[in-house]
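Subject: Handover of a structure and notes on its features

Dear colleague,

I am passing the structure below to you, together with an account of what was found in it. Please read the notes with the structure open beside them.

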2 protein chains.
Amino acid sequence: MSDPKTVPPLRVGVIGLGIAGAAMVPALCDHPRAVLAGAADVNAELRRRFTSDKGLPAVDNALDLIGRDEVDAVYIATPHQFHLEHAVEAARRGKHIIVEKPMALSLDDCDVMEQEARRNNVVMIVGHTHGFDLPVLRMRQATTSGEYGRLSMLSMWNYTNFLYRPRREEELDTSKGGGVLFNQLPHQVDVARTIADSPVRSVRASTAILDPRRPTEGSYTVFIDFESGVTASLVYSGYDHFDSDELHQWISSSGKPKKPQHGKARKAWEGLADAKDELELRQREYGYGGAFLAGESRYQPHFGLMVVSCQNADLKIAPDGIAVYSDEGMTTLPLVGGQDGRTNVIDELCAAVLDDVRPLHDGAFARETLRVCLAVHESARQRREISIADLQRRHVSQ
Amino acid sequence: MSDPKTVPPLRVGVIGLGIAGAAMVPALCDHPRAVLAGAADVNAELRRRFTSDKGLPAVDNALDLIGRDEVDAVYIATPHQFHLEHAVEAARRGKHIIVEKPMALSLDDCDVMEQEARRNNVVMIVGHTHGFDLPVLRMRQATTSGEYGRLSMLSMWNYTNFLYRPRREEELDTSKGGGVLFNQLPHQVDVARTIADSPVRSVRASTAILDPRRPTEGSYTVFIDFESGVTASLVYSGYDHFDSDELHQWISSSGKPKKPQHGKARKAWEGLADAKDELELRQREYGYGGAFLAGESRYQPHFGLMVVSCQNADLKIAPDGIAVYSDEGMTTLPLVGGQDGRTNVIDELCAAVLDDVRPLHDGAFARETLRVCLAVHESARQRREISIADLQRRHVSQ
């Protein structure tokens with residue numbers, strides 16, 4: 001690593017002050033190798049909150065932020081349909097890139113983004129996903145080193161209220177990249193791929209749209225066969241019924257203590273007058289400075305329950321580290337720090353830009369995650385196993 | 001139902017006083033419509049314990065028990081390879097049958113057993129499996145009535161010490177019906193089928209043999225596609241690492257409070273001198289009168305974690321009933337009684353024999369469960385989805 005005293009920190013601008021951008025700001029402010037360098041958002045109130053809070057400029061046009069000389073890199077947290085345009089523009093201006101998941105709405109768009117990044121010699125990281133969480137990275141270290149023998153299977157459950165959080169219209173339209181398949185599945189796929197460290201060979205999946213008022217996939221079951229022979233099973237439901245944090249000591253996915261609030265998100269949404277009301281609530285509560293992000297992340301982040309089974313031990317994310325159930329019994333592998341996986345996103349960017357370390361969660365990695373998500377959708381539609389190599393689909397709307 | 005005051009109770013003999021037979025004896029003694037009518041076992045010590053305890057005859061030959069006039073029905077809890085012979089003999093003597101899972105080692109054997117039962121006009125029930133548990137039967141009622149809207153997916157996890165409990169040699173040989181595929185998977189398949197109430201269309205599965213000293217499958221991941229469109233995902237590991245009862249308030253599958261004992265079964269097994277030692281421990285601890293079955297079942301039985309997702313609610317087995325996570329929030333549906341699913345096995349037999357009620361868990365049902373287990377094994381071997389209709393395999397050793 002370069003000496004942090006002599007290498008100037010990376011100046012990062014945040015494009016989009018919705019929930020993702022709002023969550024990245026504190027991680028940037030706290031990071032030893034990065035500094036926050038401004039923001040862009042179309043919403044005046046979010047810009048006002050940001051500037052008043054940070055004393056930094058907030059512009060209404062992403063391209064203006066990208067063009068600023070004081071910006072070395074941008075975090076693109078705009079709606080999915082803008083990722084392509086903003087990433088290409090950033091690359092052409094020589095700015096390094098963190099782009100939110102899903103990377104783009106099609107494999108072709110991913111290809112263009114990758115080409116532009118390569119051509120302009122900029123680094124592109126895709127995240128945050130829970131594949132950056134410290135316990136996940138530590139599990140990867142364990143499985144790739146064979147610390148507990150060979151990896152055999154990963155099992156993941158996540159039951160949330162995802163579908164009833166306030167949404168923009170396109171977030172409820174699968175053909176525009178809405179629903180859990182392109183917004184929650186990438187977390188589980190990234191976690192599984194980060195730990196399994198093997199190409200995905202095939203998937204078998206089912207999906208469900210259970211509430212016609214939210215006409216996009218809200219739940220799924222996925223069986224992933226990795227080329228290495230490892231299996232991952234992923235279960236997700238965003239219907240605000242069972243909440244799997246009940247089985248994780250009521251600690252939220254961002255590592256914050258929480259209280260049971262079964263059905264509350266649905267009821268809050270049902271109390272809204274119309275889509276305009278919903279959008280306003282979304283910005284007020286989930287955008288920069290909103291209540292949703294309040295609270296301190298005191299525990300390790302997670303994405304629901306996960307058990308990683310190796311030959312000589314099962315590993316499970318625990319509030320303060322990793323629970324290791326080995327031949328010798330149960331112990332906890334404590335992890336210090338890492339309460340915010342976004343710090344690891346910035347780490348990967350800084351290591352790539354400043355130290356020339358090849359990032360794990362780069363464009364190629366994220367493109368493959370999108371391919372797996374497309375294959376999951378295809379498997380559910382065709383009701384059969386889909387070989388990744390044979391997948392014809394390239395776009396979420398196909 | 002016939003008047004219990006005028007209809008004499010069913011006199012049931014128990015063939016095999018191992019763990020299954022030992023567990024059935026108290027259920028028979030407590031049942032209002034059945035009486036215990038003797039036992040058979042090849043082991044003199046188990047026979048001695050039984051007779052001394054119950055004051056009833058215990059013979060060393062199954063056929064002698066089957067032939068007794070005082071026996072109306074038999075519970076066949078002998079090693080799997082004897083199910084065919086004992087069931088056929090019972091049917092020919094006009095005795096009703098409860099036969100342990102797996103029903104037999106091949107679909108052809110199942111067919112013979114069914115034919116003989118039909119020809120001799122006797123009832124045949126296959127169990128106990130956790131498909132008889134009261135919460136499971138209550139969930140079936142909910143899903144088949146549409147109480148919470150249409151059923152969408154079932155997710156099941158079970159992490160146990162199965163592989164290191166003391167075993168007979170054939171229990172560790174998959175080709176003889178050993179391992180988790182033919183001894184634990186039938187529980188999950190029966191539970192899923194009892195609730196889903198639909199034929200299985202296809203399965204995609206992986207299995208693992210992680211300890212060469214126990215050379216049979218010890219873990220698996222299964223994706224089941226039901227014809228109705230319902231999906232079940234089943235995860236099991238018997239490697240004595242993670243114990244999923246940790247997430248069920250440390251209540252055992254038989255509804256008893258338990259303490260964490262990670263790795264204890266493996267260590268106990270590793271301390272044994274040889275296979276003879278193991279067999280002796282098996283009989284002493286797991287057979288009739290052994291320590292394994294001691295303790296009171298104070299809570300509902302279960303087979304690991306299960307979440308059943310319907311359109312309007314998720315259902316989860318809770319210690320005292322069913323946790324219902326509906327649109328209105330979380331409530332518990334209390335269940336009274338039912339702490340032993342074996343009572344429901346006897347219920348089904350008595351209802352069929354005495355009241356002419358068609359049993360749910362009959363030979364045809366159990367044959368289909370065996371077919372699903374064979375398909376799971378086949379899917380893992382061929383590493384592809386297996387359509388149940390196209391399955392060629394008919395025997396565990398094929």
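Is H11(A) mostly covered or mostly uncovered? H11(A) is mostly covered, with 11 of its 15 residues buried; buried means under 20% relative accessible area, exposed over 50%, and partly exposed in between, with a 1.4 Å probe and protein chains only.

Some conventions come before the details. This is a predicted model, in which local features need pLDDT of at least 70 and side-chain atom pairs count only at pLDDT 80 or more, while totals for chains, interfaces and linings use all residues. Residues are numbered from 1 along each chain as its sequence is written, chains are lettered from A and ligands numbered from 1 in the order in which they are written, and side-chain values use heavy atoms, with hydrogens and water left out.

Helix H11 of chain A

H11 covers residues 341–355 of chain A. Helices (H or I, at least four residues) and strands (E, at least two) are DSSP runs, numbered from the N terminus. From its first C-alpha to its last, the helix reaches 20 Å, close to the 21 Å expected at 1.5 Å a residue; the expected span is 1.5 Å times one less than the number of residues. Among the buried residues of H11(A) are Gly341(A), Val345(A), Leu349(A) and Asp355(A). After the helix comes Asp356(A), which has a positive phi, near 65°.

The two copies

Chain B is superposed on chain A by a rotation of 180° with 0.0 Å of shift along its axis, at an RMSD of 0.0 Å. The two copies are thus related as by a two-fold rotation axis. The same surface serves both copies, since 100% of the contact residues of chain B recur in chain A. The superposition is by least squares on the C-alpha atoms of residues with pLDDT of at least 70 in both copies, and contact means heavy atoms within 4.5 Å.

Ser155(B) belongs to strand S7 (residues 151–159) of chain B and is buried, at 0% relative accessibility. Its side chain makes a polar contact of 3.1 Å with the side chain of Tyr159(A). A polar contact is a pair of N or O atoms within 3.5 Å; within protein, one must be able to donate a hydrogen and the other to accept it, and residues adjacent in sequence count only if both atoms are side-chain atoms. Leaving aside neighbours within four places in sequence, the contacts of Ser155(B) include Trp157(A), Val235(A), Ser233(B) and Met306(B).

Aromatic rings

Over all chains, the structure holds 19 aromatic pairs. Rings of Phe, Tyr and Trp (its six-membered ring) pair if their centres lie within 6.5 Å; planes under 30 degrees apart count as stacked, over 60 as edge-to-face and the rest as tilted. Ring pairs link Trp157, Tyr159, Phe242 and Tyr325 of chain A and Trp157, Tyr159, Phe242 and Tyr325 of chain B into a cluster. Tyr236(B) and Phe303(B) are both buried.

Two arginines of chain A lie over ring faces: Arg193(A) over Phe365(A), at 3.9 Å from the ring centre, and Arg214(A) over Trp269(A), at 4.5 Å. A charge sits over a ring if NZ of Lys or CZ of Arg is within 6 Å of the ring centre and within 35 degrees of the ring normal.

Asp243(B)

Asp243(B) lies in the loop between S10 and helix H9 (264–270) of chain B and is buried, with a relative accessible area of 14%. A polar contact of 2.7 Å joins its side chain to that of Lys258(B). A polar atom of the Asp243(B) side chain also lies 2.9 Å from the backbone nitrogen of Asp245(B).

Backbone features

Most residues other than glycine have a negative phi, and most peptide bonds are trans. A cis peptide bond joins Lys101(A) and Pro102(A), with omega about -10°, and another joins Lys101(B) and Pro102(B), with omega about -10°. Asn121(B) has a positive phi, near 60°, and is exposed, with a relative accessible area of 67%. Arg383(B) has a positive phi of about 55° and is partly exposed, at 26%.

Yours sincerely
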